[in-house]
Amino acid sequence: MSIAAPLRSKLITPTTLVLLALAAVGFYFLLERFLYGLGAVANINQGYPWGIWVVFDVIIGTAIGCGGFAMALLVYVFNRGDYHPLMRPALLSGLFGYTLGAVAVMFDLGRYWHVYNLLLPWHAQPNSVMYEVALCVMAYVVVLWMEFSPAFLEGRAAGGFRRFVDRWMWAIVALGVLLPTMHQSSLGSMLLVMGYKLSPLWFTLWLPALFVISALMMGYGIVMFEATVVSRSFGLPSHRALISKLSVVVGLITVAWLALRWGDLYARHVLAFACVVSVRVVMFWIENALFLAAALIFIVPAWRAGRRASFLGAVALLAGGSLYRLDAYLIGYTPVTHWSYFPSVPELMVTIGMIALEVLLYLVFIKTLPVLHGRPARR
Amino acid sequence: MDVIRNSDPNSDLEACLGLDPDGLTRWGISRRQIFQFCAGVAATMGLSSAAGASMAKAVTSPSRPPVIWLHGQECTGCTESLLRAYHPTLESLLLDVISLDYHETLCVGAGEQALAYKRAMMEKHKGKYVLVTEGGTPMKDGGIYCKVGGKTHVEHVREAAAGAAAVIAIGSCASWGGVQSADPNPTGAVGTHSVVPGTTVINIPGCPPNPYNFLSTVIYLLTFKRPPALDAHNRPKFAYGRLIHENCERRPHFDAGRFALEFGDEGHRLGYCLYKIGCKGPETHANCSAIGFGDVGFGSWPVGTGHPCYGCTEKADAFRKPIHALATLQNLTPPTAYPDVSAENGPAIGAGAAVAGLVGGLAVGAGAMWLKQMGSEPDKADASNKEP
Ligand code: SF4
């Protein structure tokens, strides 16, 4: 079996410079947000207190970051060690997805300086879904760094921390599966309080299940996406056989998810809502078409075998999952009175900056730390 | 405390009223309703349902503890407020649960007859009756400003307290002097606890107090033979443990900085917070905002009707601090600047859409190019690349 090794290629390339520039623009607007307040940069309002920052950076970002969760479930819980080469890159993307998601929440908190109260047990409100999400995400960020820590520690003298991690890795991994299950489903539960404000196409008591399963699907999606992009960009072996094996499982999960969703729509007699023409209904159909496309690509053997098709399948999965979250949190949601929301340019630039930062850090990490398996073909 | 059970159901007062306490139901309601009521009382006091059951047992017991009720300097508002309690009603409480042997407003007898009966009952149940005082006690000039039957109120209170098993001061006047003790306090009015130093007086302040705070305290005394947990001012904690401000329905307005600035202004009509017109809710301990008055549901309390709380359950507030004076905030202070009350409904879709479209288009375009190239490249194979 191959061993993970740093790529050791050049850190400063045109790509990293562009990413750096985008991140810098994002930081400029963040600075403005912290100097002049939320209203100065964001279009969020009383009707839409959550905008693109929460929905993209946190709700979608953490779901994309579920690669580590999805792979840990596969490798450790179902004991499929053969998938191990995909584990570290998956964890790495989760690491940034979650860490930056947790940081991004701070931009959106009006009184962010009160955030430490979350950690004071005597101020806790354990019945709150949001409290659960906050604590759980914080805990998972720590767990992710511990899960990933062997990449830093490899080849170093065995210190106290390393011994601790080696000894307790099983518990850390178990937490790494438990915590995302908890908070990804809670991201769905959070919408349950919206009631009639959320279109019946999305509002269902099954929201928690739909959210956690689709997070899993997106986790696998990002693993496949990454494996292809990284192997092509750096001339590494592509793990195609592994991915093709994995994609059957993902295809089946996607089918199950679609069955749950449509079965529920049918049982609630709300399919008629999907037959009118409006922005949100179009979005609803795009969402489902993307999931269906992904499921077909992964299940039909001839399509799965094609490199391009299977890559497109992963993209469809990610796009479908992201759109599902965007719809449930923003597009399918109507506040009581006539509010409107569309992200402002600074808001978008902050989100783009965060994504750029994530990709940049990912590149820096795979170049300097043992993350990817297989020797690089060119230096 | 050991409250004697009056074993003679046909005491004079009942005979006089033609009451039949040995009927099939007590209080005119079923046993099940009594249990429900006591469970409710126990729950509002933060006690277990088992405590509710013992309470139901205590209040339905055929023997009833005697109560002596004295009036001092007051408006009888506390008794009036009790008359408006409906679960149980005052008469069922007074006639069935306790044996109200003397009450100047409610007793049937009058003059020397009533006083003689009081003396006899105090003698008979010495050390076992509950004394309730309503109204302040004037101390100046030997207490001559309030007399009943030729004796000053001070003497009445001291005499009755000497043989009482427990003393309850109902209302702000009995708790610490009330309105007549306001500057310059011409009669030297004080609360019951200052008249009988050394005796534990349970204070149920309020002007008037919520009848259920009194009833719950009485039922607690009957059941457990000791006073409920009290705060530093001897007020039962179950009722006076929290600030009005904590459970006020206008609190969201306070937190969002929406205040009425004068009576009848826009904010006042919209139901905004009354802090700036002198609401004492932030420094007043009572459960008014949580349980309301008069059993008519939501909003039936001073702040609910649009008047600032004037702090009647706090010695330092009512009749001492002017109504318009600002309360001292005990926890959160409102920030100096608040967001605009009239929020905009969100701007129209603008340049953001252009940027979003541009980025989306770029991503799709670049992705397509990338995919196109992918088809023309050989696959890099390694050991893990065999199809299973
Ligand atoms: S200040 Fe008075 S009206 Fe305002 S929230 Fe507090 S108790 Fe209610």
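Two strands pair if DSSP finds at least two bridges between them; strands (E, at least two residues) and helices (H or I, at least four) are DSSP runs, numbered from the N terminus. This is a predicted model, in which local features need pLDDT of at least 70, side-chain atom pairs count only at pLDDT 80 or more, and totals for chains, interfaces and linings use all residues. Residues are numbered from 1 along each chain as its sequence is written, chains are lettered from A in the order in which they are written, and side-chain values use heavy atoms, without hydrogens and water.

**Exercise 1.** Describe how strand E7 of chain B is joined to E9(B).

*Solution.* Step one: E7 covers residues 164-170, and four bridges link this strand to E9(B) in a parallel arrangement. Step two: opposite B:Ile170 stands B:Ile204 of E9(B). Step three: E9 (residues 201-204) is covered on both faces, with B:Val201 and B:Asn203 buried on one side and B:Ile202 and B:Ile204 buried on the other. Buried means under 20% relative accessible area (1.4 Å probe, protein chains only).

**Exercise 2.** Characterise the largest nonpolar core.

*Solution.* Step one: a nonpolar core is a set of buried Ala, Val, Leu, Ile, Met, Phe, Trp, Tyr and Cys residues joined through side-chain atoms within 4.5 Å. Step two: the largest has 119 residues, and A:Leu92 and A:Phe148 are among those with the most contacts inside it. Step three: helix H9 (residues 207-234) of chain A gives this core its largest share, 14 residues. Step four: another core, of 45 residues, lies apart from it and includes B:Met45 and B:Tyr212.

Methods. Buried means under 20% relative accessible area, exposed over 50%, partly exposed in between (1.4 Å probe, protein chains only).
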